[in-house]
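Reader: I would like to go through the side-chain contacts and strand pairing of a model. Please give the rule first and the case second.

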Amino acid sequence: MNEPLDDYHDIIDLPHHRSTTHQPLPMSARAAQFAPFAALTGHEEMLAETARHTAQQIELSTEEAAALSRRLNRIMSRRPSPPVAIRHFVPDPNKEGGKYEITTGTILRIEADTNDLILSDKTAIPMHSIISIHTISRK
């Protein structure tokens, strides 16, 4: 039976080949070929999405909704219309819940058919998602 090195006896003592046309790979690039294979692609992203926190939408009481409506009417009756900060709920497209954002601008009108508050920059905010409106003082 052959010894394992018998097949290589003619090349075993030759010097290691160095290319004259190509630069050797840096150690970091050589190590990359031994990096673990990611068999579960997307798994990390799925875990991050599951762990991401979302808030539940606050339902205003009848009294709170009436007070918000009165405040909105007072703001809209002023001319010129003052800049406002509107805190509203934005549903998350990927999971249940969402987040609260504050949008600033000047109120243009209330769109009757969609029940959206339209700002001067054409931003539409659904009325049912608004929990507070505050005027911003001009300086």
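Reader: With which residue does glutamate 111 form a salt bridge?

Author: A salt bridge here is a side-chain nitrogen of Lys or Arg within 4 Å of a carboxyl oxygen of Asp or Glu. Glutamate 111 forms one with arginine 109, and the closest N and O atoms are 3.0 Å apart. The model is predicted, so local features need pLDDT of at least 70 and side-chain atom pairs count only at pLDDT 80 or more, while totals for chains, interfaces and linings use all residues. Residues are numbered from 1 along each chain as its sequence is written, and side-chain values use heavy atoms, with hydrogens and water left out.

Reader: Is arginine 109 buried, partly exposed or exposed?

Author: Buried means under 20% relative accessible area, exposed over 50%, and partly exposed in between (1.4 Å probe, protein chains only). Arginine 109 has 37% and therefore counts as partly exposed. Glutamate 111, at 23%, is also partly exposed.

Reader: How many salt bridges does a search of the whole structure find?

Author: The search finds 4. One of them joins aspartate 92 and arginine 52 at 2.4 Å, N to O. Aspartate 92 lies in the loop between strand S1 (83-91) and strand S2 (98-111), and arginine 52 in the loop between helix H2 (43-51) and helix H3 (62-77), 40 residues apart. Helices (H or I, at least four residues) and strands (E, at least two) are DSSP runs, numbered from the N terminus. Aspartate 92 is buried at 15%, whereas arginine 52 is partly exposed at 31%. Another salt bridge is between glutamate 101 and lysine 99, at 3.4 Å, N to O. Glutamate 101 is partly exposed at 30%, as is lysine 99 at 48%.

Reader: In which sense do S1 and S2 pair?

Author: Two strands pair if DSSP finds at least two bridges between them. S1 and S2 pair in the antiparallel sense over 9 bridges. Phenylalanine 89 has tyrosine 100 in S2 as its bridge partner. The two strands form a hairpin with 6 residues between them, and glycine 97 in the turn has a positive phi of about 100 degrees. S1 is also joined to strand S5 (residues 130-135) by 5 bridges, again antiparallel. There, serine 132 is the bridge partner of arginine 87.

Reader: Over which ring does the charged end of arginine 87 sit?

Author: A charge sits over a ring if NZ of Lys or CZ of Arg is within 6 Å of the ring centre and within 35 degrees of the ring normal. For arginine 87 the ring is that of tyrosine 100, with the charged end 4.8 Å from its centre.
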